[in-house]
Amino acid sequence: MMSATSALVPTKSNALGLGFTGNLGNIDAYISAVNRLPMLTHDEEISLAKRLREKNDLAAAQELVLSHLRLVVSIARGYLGYGLPHADLIQEGNIGLMKAVKRFDPDQGVRLVSYAMHWVKAEMHEYILKNWRLVKVATTKAQRKLFFNLRSHKTGLDAMTPKQVDALAKLLDVKREEVIEMETRLSGRDIALESPTDDEDDKFSPIAYLSSEQSEPTKVLEAEQVTRLQSEGLETALSKLDARSRRIIEARWLANDDGSGATLHALAEEFGVSAERIRQIEVAALKKMKGALAAWV
């Protein structure tokens with residue numbers, strides 16, 4: 001882990017005003033060094049990102065990566081319950097961070113920390129899934145004890161009967177549900193997510209139908225931005241309308257999810273005007289909302 005991370009650190013690193021050099025030693029020393037690295041201001045972040053994008057400035061990329069290493073450490077702590085080494089999780093997360101820095105667009109108006117979070121988690125998730133079998137069989141001391149005891153007491157490959165489960169649970173002084181769960185884990189088999197070959201006939205391996213473009217970090221970020229636009233942006237745009245215009249827009253477009261809003265004639269009767277007048281108010285209101293949304297974004 002340390003060798004992979006040390007590659008990010010310049011031999012003579014004064015870029016961030018900190019002597020961060022050489023072998024970082026154990027994981028605690030690495031985390032301590034990372035937490036001492038200064039954070040970037042928003043303006044510094046934008047400037048560095050533009051230098052990377054426009055001039056392919058690797059020094060700028062390095063500063064962006066170094067200043068966000070503490071984010072990776074923080075996220076990795078949340079996955080320690082899977083029984084995987086903290087250092088390995090950090091290494092995978094650092095790979096995600098570098099991918100995020102490479103793809104980061106400073107003109108989107110999003111801070112790098114928000115954008116990188118998705119990439120860091122994506123890499124850690126992939127690493128955990130690849131090691132799922134080793135992780136899932138037994139993660140705690142009690143589970144490991146039950147695992148080995150069950151292996152030695154169970155005979156054959158057939159599933160245990162309820163009586164056998166009860167007898168073994170009593171013998172090992174554990175709950176019958178724990179015996180059933182561990183037996184299920186032992187009975188499972190590993191399945192390769194990816195095909196070992198590139199043949200056309202093997203393209204239907206699990207990874208082909210388990211993967212989703214919607215899980216790709218950029219897509220996730222875009223979806224979050226759309227959700228924010230639909231909630232905060234819509235409310236802002238509606239607040240720019242007078243009471244009558246807002247009532248017409250809400251009745252026509254926001255009353256039902258299927259789009260079956262109030263008719264022009266129904267609203268004309270409610271306000272005591274013609275249906276054509278309601279249509280004119282609606283067009284003007286939508287135009288005003290469009291302008292408000294453009295300014296809000």
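Colleague: Which residues does the UniProt annotation "domain: RNA polymerase sigma-70" cover?

Modeller: Bear in mind from the start that this is a predicted model. The annotation, which comes from an unreviewed UniProt entry, covers residues 88-101. Over that span the chain is 100% helix and 0% strand, with the end C-alpha atoms 20 Å apart.

Colleague: Where does the annotation "DNA-binding region" lie, and how far apart are the ends of that span?

Modeller: According to the unreviewed UniProt entry, that annotation covers residues 264-283. The span is 85% helix and 0% strand, and its end C-alpha atoms lie 12 Å apart.

Colleague: Turning to helix packing, at what angle do helix α4 and helix α6 pack, and how should I name such an arrangement?

Modeller: Helix α4 (residues 58-66) and helix α6 (residues 86-103) pack at an angle of about 130°, and their axes are 10 Å apart. Angles over 145 degrees would count as roughly antiparallel and 65 to 115 as roughly perpendicular, so α4 is oblique to α6. The crossing of these two helices, α4 and α6, is right-handed.

Colleague: Which residues of α4 and α6 meet there?

Modeller: From α4 come Ala 61, Leu 64 and Val 65, which meet Leu 97, Met 98 and Val 101 in α6. Sorted by class, the contact of α4 with α6 has 6 nonpolar residues, no polar and no charged ones.

Colleague: How do α5 and α6 pack, and which residues make their contact?

Modeller: Helix α5 (residues 69-77) packs with α6 at an angle of about 130°, with the axes 9 Å apart. The two helices, α5 and α6, are therefore oblique to each other, and their crossing is right-handed. On the α5 side the contact is made by Leu 69, Val 72, Val 73, Ala 76 and Arg 77, while α6 supplies His 86, Leu 89, Ile 90, Gly 93, Asn 94 and Leu 97. These residues of the contact of α5 with α6 divide into 7 nonpolar, 3 polar and 1 charged.

Colleague: At roughly what angle do the axes of α5 and α7 cross?

Modeller: The axes of α5 and α7 cross at roughly 50° and come within 10 Å, and α5 and α7 are therefore oblique to each other. This crossing of α5 and α7 is also described as right-handed. Here Leu 71, Val 72, Ile 75 and Ala 76 in α5 meet Val 113, Ala 116, Met 117, Val 120, Lys 121 and Met 124 in α7. By class, that contact of α5 with α7 has 9 nonpolar residues, no polar ones and 1 charged.

Colleague: Finally, how many salt bridges are counted, and what does Glu 45 pair with?

Modeller: If a salt bridge is taken as a side-chain nitrogen of Lys or Arg within 4 Å of a carboxyl oxygen of Asp or Glu, the count comes to 12 salt bridges. One of the pairs to look at is that of Arg 111 with Glu 45, whose closest N and O atoms are 3.2 Å apart. Arg 111 lies in the loop between α6 and α7 (112-130) and Glu 45 in helix α3 (residues 42-55), so the pair ties together parts that are 66 residues apart in sequence.

Methods: Residues numbered from 1 in each chain as written. Predicted model: local features only at pLDDT ≥ 70, side-chain atom pairs only at ≥ 80, totals over all residues. Heavy atoms only, no water. UniProt positions renumbered as here; feature names shortened; annotations may be inferred. Helix = DSSP H or I, 4+ residues; strand = E, 2+ residues; numbered from the N terminus. Axes fitted to C-alpha atoms, helices over the stretch in contact; angles between N-to-C directions. Parallel < 35°, antiparallel > 145°, perpendicular 65-115°, else oblique. Left-handed = near helix turned anticlockwise from the far one by under 90°. Contact = heavy atoms within 4.5 Å. Nonpolar A, V, L, I, M, F, W, Y, C, P; charged D, E, K, R; others polar.
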